Amino acid sequence: MTYHILKYTDSSLPDFLISEVKKRGEFAEKKALNADELKQAYEETDILLVSGGTIITKDTYDKFKNVKMIADFGVGYDGIDVNEAIKRNIFISHTPNVLNDDVANTAVALLMNTTRQMIEAQKFIERKDWENGAVMPLGVSFTGLKVGIAGLGRIGKEIAARLEAFKCDIAYFAHGKKDVSYKFFASLSDMASWCDALIIAMPSTKETFHCVNEEILQKLGPNGFLVNIARGALVDTDALIKALDNKIIAGAGLDVFEQEPKVPQELFNRPNVVLTPHIGSATTYTRMEMAKLVLANIDAFIAGKNLITKVPGTRDS
Ligand code: NAP
């Protein structure tokens with residue numbers, strides 16, 4: 001059987017992945033199709049290649065009548081209606097674990113860059129403030145910094161492991177207590193009151209939507225920093241901008257945004273805010289590992305074997 005594989009995401013995917021996928025069936029890219037070709041793709045597509053954030057609704061499944069597998073290049077699958085896929089017996093794979101290290105590194109880098117004002121420090125030099133005798137404001141030390149990690153899953157645990165080496169005092173918020181020595185908070189609000197830095201590492205779900213709101217930012221307080229490497233939807237952007245305007249919190253490091261790739265202008269040019277364009281997993285090594293895992297899942301599907309990394313709750317063979 002010849003499988004029809006459609007790249008359904010507009011995000012760029014590694015050349016290696018695309019060239020390997022082409023060896024496994026008829027390949028097409030949604031954005032390159034004209035109306036007639038798209039109509040044909042609706043009929044014949046077996047595998048949809050998507051990336052974190054791609055929206056797959058009931059309507060998408062209705063159009064792609066024969067789709068059997070969704071291969072997600074990413075760990076987050078918040079854009080995919082998973083329950084509908086389960087009802088329709090559709091496989092979904094994603095790429096957990098292989099990206100933990102680089103996403104955790106990004107979280108720590110954002111926290112370090114915000115608390116030590118690295119971006120502002122470079123601007124300070126470029127503006128010749130240093131040369132002209134100005135003094136950079138003092139930064140905040142990692143030593144003894146109380147860091148609350150919201151979501152102690154695959155990535156959250158790696159963030160915590162790194163922060164241990166920096167001598168931070170670590171706590172976490174999750175559904176339940178884990179077998180770790182860090183402090184556990186059953187309430188995000190209580191953890192926000194306790195910590196100097198709040199790092200968000202939970203998935204985007206109905207429950208976590210805007211979990212960082214005005215109240216949480218108030219609790220984090222004027223010496224508190226927010227880092228978000230999870231999804232933009234977890235932070236109420238308007239509340240965050242107000243909190244930064246009114247010095248309700250000390251600063252923020254953000255890799256993800258509610259309307260990305262659009263980032264509100266109000267977040268720009270603040271010495272206490274560091275912004276990165278959703279590059280948590282964006283290293284050559286990790287993107288290659290993610291590509292290999294996508295391919296291994298597609299190969300397992302084609303061979304009728306259990307998927308290597310299926311999305312929880314979906315079928316595996
Ligand atoms: P994971 O292993 O599933 O861990 C998620 C953690 O969040 C778990 O500790 C879970 O708690 C906790 N959690 C989930 N919903 C919660 C809720 N309503 N209340 C309290 N705790 C909750 O996920 P992961 O692999 O670490 O990935 C986390 C997220 O990072 C992904 O979903 C994705 O959106 C994002 N991400 C971003 C990038 C990037 O480039 N910036 C890259 C990769 C991933 P329990 O264990 O107690 O259930």
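I began with strand S4 (residues 69–73), which pairs with S5 in the parallel sense over three bridges. In this predicted model, I found Ala 71 standing opposite Ser 93 in S5.

I then traced the sheet that holds this pair. It is open, has five strands in the order S2-S1-S3-S4-S5, and its pairing is parallel. I noted strand S2 (25–29) and strand S5 (91–93) as the edge strands, each pairing on one side only. From one strand to the next, the twist averages 20 degrees.

Next I looked for a helix against these strands. Helix H11 (residues 284–303) lies across strand S1 (3–7), strand S3 (47–51), S4 and S5. Against S4, helix H11 runs at about 170 degrees.

I turned to the other sheet. Seven strands make up this open sheet, and I read their order as S8-S7-S6-S9-S10-S11-S12, with parallel pairing. Strand S8 (183–185) and strand S12 (273–275) are at the edges with a single partner strand each, so one side of each has no neighbour in the sheet. Neighbouring strands here are turned by 15 degrees against each other on average, direction ignored.

Val 147 stands opposite Ala 197 in S9.

My last entry is on helix H10 (residues 237–245), which packs on this sheet. I listed its contacts as strand S10 (225–228), strand S11 (251–254) and S12. The direction of helix H10 makes about 140 degrees with that of S11.

Methods
Residues numbered from 1 in each chain as written. Predicted model: local features only at pLDDT ≥ 70, side-chain atom pairs only at ≥ 80, totals over all residues. Heavy atoms only, no water. Pairing = 2+ DSSP bridges. Helix = DSSP H or I, 4+ residues; strand = E, 2+ residues; numbered from the N terminus. Axes fitted to C-alpha atoms, helices over the stretch in contact; angles between N-to-C directions. Contact = heavy atoms within 4.5 Å.
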